[in-house]
Each structure stands twice: as structure tokens, then as C-alpha cells.
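Let's take a walk through this one together. Have the model open and follow along.

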Amino acid sequence: MRYIAAYLLLKLANPEATPTADAITKVVSAGGVDVDSERISKLLAALEGKTIEELIAEGSSKLASVPSGGAVASAGGAAAGGAAAEEKADKKAEEEEEESDEDMGFGLFD
């Protein structure tokens, strides 16, 4: 994934140029990550002659076939968690109101 990201960054920086293995290596190593030259070579071979638009369309069609049934179950848990968070926020607001009554308008350096 890091090599694809570097490729796309380089392509965005200069749309007319085709990113080279050296350029991708520089971008990835600038992030403090070890570089695998073989993987970069395979990536460049796979992307040769393709535009970014073609790659996005190809990736989108592959993602369309991935089942996404787990999203429904997590949405129910988020709703329950939201109610608990709201309750905690109400308690915290009440505590803050009580604390503000304690200082009775006197500041530390008044």
C-alpha cells in the first residue's frame, strides 16, 4: 500500500511524468520506512500503461464484490454507545455546575 501511495503522490505532483523506482524509493524512505525494491518493480510492471482513472475504476469494481454485512451490526453498537456517552456528558455537566458554585466568585489571585 505504501508503494501505491508513493506512486500516486508522485503522479499528483507531476501528472505528465511517470514515477520511477528511484522516485518511489525516495518518497517511501523519506517516511522512515524500509524499501523493498522487488515490490516496487512488480508494482511498476502492473501499472505500466494504465491511467489513475483506470486503476480507480478497476479497484472500485473489485470492492463492489466484497460483502459488507458487518456494517449493520456495528451501527447498532454505535447507537447504544452514543446513549451511554450522552449520559456521561450530562453527569459531567452537572458536576461542572456544582464545582462552579464552590468558588463562589472568588478567584485565586483576587
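How exposed is Lys50, in terms of relative accessible area? Lys50 comes out as partly exposed, at 33%. Hold on to that residue, as we'll come back to its partners below.

First, a word on what you're looking at: this is a predicted model. Mean pLDDT for the protein chain is 78, with 63% of its residues at 70 or more. The chain has five helices and zero strands, and 9% of its 110 residues count as buried. Of the contacts with a separation of 6 or more, 42% are between residues 24 or more positions apart.

Ile40, Leu43 and Leu47 are its buried residues. Look down the axis of H3 and the buried residues fall within an arc of 60 degrees, so they line one face of the helix. What do the buried residues of H3 pack against? Their neighbours are helix H1 (2–13), helix H2 (21–30) and helix H4 (52–64). Just past the end of H3, Gly49 has a positive phi of about 85 degrees.

Two of those exposed residues pair up. Lys42 and Glu38 form a salt bridge, with 3.5 Å between the closest N and O atoms. They sit four residues apart in H3, and are therefore separated by about one helical turn. Relative accessible area is 56% for Lys42 and 53% for Glu38.

Now back to Lys50. Its salt-bridge partner is Glu58, again with the closest N and O atoms 3.5 Å apart. Glu58 also bridges to Lys62, at 3.6 Å, which links Lys50, Glu58 and Lys62 in a network. Glu58 and Lys62 are four residues apart in helix H4, about one helical turn. Glu58 is partly exposed at 33%, whereas Lys62 is exposed at 53%. A search of the whole structure finds three salt bridges.

Last stop, the surface. Met1, Ile4 and Leu8 make up a nonpolar patch with about 310 Å² of accessible area together. Leu8 lies in helix H1 and is partly exposed, at 32%.

Terms used
Residues are numbered from 1 along each chain as its sequence is written. This is a predicted model: local features need pLDDT of at least 70, side-chain atom pairs count only at pLDDT 80 or more; totals for chains, interfaces and linings use all residues. Side-chain values use heavy atoms; hydrogens and water are left out. Buried means under 20% relative accessible area, exposed over 50%, partly exposed in between (1.4 Å probe, protein chains only). Helices (H or I, at least four residues) and strands (E, at least two) are DSSP runs, numbered from the N terminus. The arc is that of the directions from the helix axis to the C-beta atoms. Contact means heavy atoms within 4.5 Å. pLDDT is the predictor's confidence in each residue, from 0 to 100. Patches are made of residues with over 30% relative accessible area and no salt bridge: like charges are joined within 9 Å, nonpolar side chains (Val, Leu, Ile, Met, Phe, Trp, Tyr) within 5 Å. Accessible areas come from the Shrake-Rupley method with a 1.4 Å probe; for residues, only the protein chains shown count as cover. A salt bridge is a side-chain nitrogen of Lys or Arg within 4 Å of a carboxyl oxygen of Asp or Glu.
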